[in-house]
Amino acid sequence: MTLVARPTDSAPTTRTGSTLLDAVLRFRALGLLIALVAMVAATAAVNSRFVSQQSIRDILLGAAITILLAVGMTVVVLTRGIDLSVGSVLGLSAYVTADFLQVNPGTPVPVAMLLGLAIGAGCGLVNGAVIHFGKVPALVATLGTLYVFRGIVYFVAGGSRINASDMPRGFLDFGTDRVLGIPYLIIVSLVVVVLAGVFLSRYRAGRDMYALGSSPEAAKLAGIPAGRRLLTAYVLCGALAGLGGVLHAARFGTVDASAGSGMELNVVAAVVVGGVAIFGGSGTVFGAALGALLLTVISNALPVLSVDQFWQQAIVGALILGAIGLDRFVGLRVSASLRRKDSHVD
Amino acid sequence: MSTETAPDRVADRPQSGRLRSSRMVGWDGAVVVVTALFIVIAALTVEHFGTSRNAGFLILDLAPVLLLALPMTLIIVTGEIDLSVASTVGLTSSAMGVMWNNGLPLETIMPLCVVIGAVLGAVNGIFVTALGLPSLAVTIGTLALYRGLAFVLLGDTAVADFPRDFTGWTIGDLGASSIPNVLIPMLVIAGLFAAVLHATPTGRAIVATGANATAASFAGIPVGRVKFWLYVTSGAVAGLVGVFWTLRYSSARADNAAGLELTVVAAVLLGGVSIFGGKGTLPGVLAGVVLLTSLQNALRLADVSTEALTVVTGSLLIVSVLAPNVVTAVRTTLSRRRARLRMTPTS
């Protein structure tokens, strides 16, 4: 089914004849943008303060961490996998990093970020190893590690909590400070999105992710080192979740063992809403980032529109269903018209 | 190497059926033996584990997992999955609280809850069969959606004023014995599912669907309809569990049974059901459920923290899929080596 959706993403120089595919992909990003603008406009009509500088900054700050995780998840979903453990990895990294900073207050921020990345990469390596070497389906493996990693956080934290007063000033400032009006957290997320976008569209290892997701057998026959690529994808996803944990600690100042619980749902929703096919092989990190932004806008708009906060999770679920339904619909239409056009091929 | 391809979402079936089936029988048996051994050891070493009082509690703890595991087994055997069961329990529990607050009698509410569950299951079924969407993605979506709707209905409040007759019966014992009231209905339902899976054409259709959906539909099996009704069944059973859960804890809350889907899937896989579909027996699953819940019960009695429980459940989930794969890999290597040894003298 996903064979049709060969990615021709984000590379402006591609002058291929598949204008239809381009149109579909552009339509997806355009649809997301339209939904975003409509959502913001509708909310701003109710309360103009929704588009104030402070409010926009809040939304972007809220989206920054989800975007980071969505980028990692995109890479994994592209290979036909899934990583449900990202929320737990974020919690583990947030707690361990905060605990480390509590003991070593002199640690510079980049070192803390490296620590979080390393913790996350370790967790990702466990996922990747179980999935690749143990031949356990990604869903089962990461559903299991979701609980294992969370259990480890509870072991480490043991019900205690690290408060803002326990963490060094410089680290907390990193969570709130900004350069030219743009918070550091957003800059970190944007840099990651761009790097991952370039990696996926320009580098062989990145293109291999699409190939693996489009057709694992064909990719292996073409000589793609499937095992190494899968490990890369899961390590990358884990590492970004780990980095997300550091940002989480810096932004909120307090960390307890439940940090990031249930976040995997939002991240999967962002990725799926952002047009990454759940069957792999199609989608971009830019779409996923837009999806994450849309979800954050919706959750920030709910109180303004005086809708009960309890609706939020239901909306996330409805968005997942709507997005995969739309993908299916578009996929069927595209494959039907491709069959009509390229019937001479086979 | 053909048997060693990495498992994909789609069924990945090795050529050698004999090897696989002999392994599965072994796994079933192994789980039953391990379960029996575990219960004996726990009864001897863990204080209070072997008492009839604890056995009663154990059965009450076990009931929701067991009930949800029955339709989950059939669904996983067809090669699909339903991650929304625990959220369906939560939503029916919330609905029960709302209906009770509105003055409906419990005799009306309880069947209504089962119907609501069935409708929620039918929604999953329509997405999976009529629209042809991957069940994993659909039920992750409804996992969020149903839990979200449960919170929309009840918020973070609880309804706790259910009549004593009902809540008392749910946790009560049969007459003067120490057999819980729920045990007999539970066993009847389990027997029903086992009979359907192992002794009826429907059961054969379910296994055939999971083994090879294309071949099954060529053989005249209405693959879509089979899956759809399994999701409806799964939802209805989850509605029943919602009623049980509410009455057992005498509290209707939106977060009831949150996260229970992990335990259910873990128990089913532990019982030897293949996540790729086409393989699995209900006796094995029953053993898996008993093993998992009695292990949790024993750890709790032995004062092991709840954190350890989550780690144990999560690890068991992974190990239950990992172990058969490792066994198969080792067997394949051994048989290949044996074959090579047999070859050498002739060549």
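Burial here follows C-beta atoms placed from the backbone: buried means 20 or more others within 10 Å, exposed means 12 or fewer, and partly exposed lies in between.

This is a predicted model, in which local features need pLDDT of at least 70, side-chain atom pairs count only at pLDDT 80 or more, and totals for chains, interfaces and linings use all residues. Residues are numbered from 1 along each chain as its sequence is written, and chains are lettered from A and ligands numbered from 1 in the order in which they are written.

**Figure 1. Two loop residues of chain B with positive phi.** B:Ser250 sits in the loop between helix 10 and strand 2 (252-253) of chain B. Its phi is positive, about 50°, although B:Ser250 is not a glycine. B:Ala257 also is not a glycine, and has a positive phi of about 65°. Its loop runs between strand 2 and helix 11 of chain B. B:Ala257 is buried, with 27 other C-beta atoms within 10 Å. Most residues other than glycine have a negative phi. Helices (H or I, at least four residues) and strands (E, at least two) are DSSP runs, numbered from the N terminus.

**Figure 2. B:Gly271 and its surroundings.** B:Gly271 belongs to the loop between helix 11 and helix 12 (282-301) of chain B. B:Gly271 is buried, with 28 other C-beta atoms within 10 Å. Leaving aside residues up to four places away in sequence, B:Gly271 touches B:Val31, B:Gly284, B:Val285, B:Ala287 and B:Gly288. Contact means C-beta atoms, placed from the backbone, within 7 Å. B:Gly271 and B:Val285 are 14 residues apart in sequence, yet their C-alpha atoms are 4.0 Å apart.

**Figure 3. Helix 8 of chain B and its cover.** Helix 8 spans residues 201-211 of chain B. Its buried residues are B:Ile206, B:Ala208, B:Thr209, B:Gly210 and B:Ala211. Their cover includes helix 2 (52-77), helix 7 (183-199), helix 9 (213-218) and helix 10 (223-249) of chain B.

**Figure 4. The side of chain B that touches chain A.** Here 39 residues of chain B are in contact with 42 residues of chain A. Helix 5 (135-154), helix 11 (260-270) and helix 13 (306-346) of chain B are the elements that each give two or more residues to this side. Helix 5 of chain B gives the most, with 13 residues. By class, this side of chain B has 25 nonpolar, 10 polar and four charged residues. Ala, Val, Leu, Ile, Met, Phe, Trp, Tyr, Cys and Pro count as nonpolar, Asp, Glu, Lys and Arg as charged, and the others, Gly among them, as polar.

**Figure 5. The largest nonpolar core and A:Val71.** The core has 207 residues. A:Leu69, A:Ala70, A:Val71, A:Val272, A:Ala289, A:Ile320 and B:Ala69 touch the most other members. A nonpolar core is a set of buried Ala, Val, Leu, Ile, Met, Phe, Trp, Tyr and Cys residues joined through C-beta atoms within 7 Å. Not counting residues up to four places away in sequence, A:Val71 touches A:Val192, A:Val193, A:Ala196, A:Leu240, A:Val285, A:Ala288 and A:Ala289.

Figure 6. An unreviewed UniProt entry carries the annotation "transmembrane region" for several spans of chain A, including 59-78 and 113-133. Such annotations may be inferred rather than shown by experiment; feature names are shortened, and positions are given in the numbering used here. Residues 59-78 of chain A are 100% helix and 0% strand, with end C-alpha atoms 27 Å apart. Residues 113-133 of chain A are 95% helix and 0% strand, with end C-alpha atoms 29 Å apart.

Figure 7. Over residues 1-17 of chain A, pLDDT stays under 50. The model has 35 contacts beyond four places in sequence for this stretch. pLDDT is the predictor's confidence in each residue, from 0 to 100. Where pLDDT is low, the predicted coordinates should not be read in detail. For chain A the mean pLDDT is 82, and 90% of its residues reach 70 or more.

Key
Contact = placed C-beta atoms within 7 Å.
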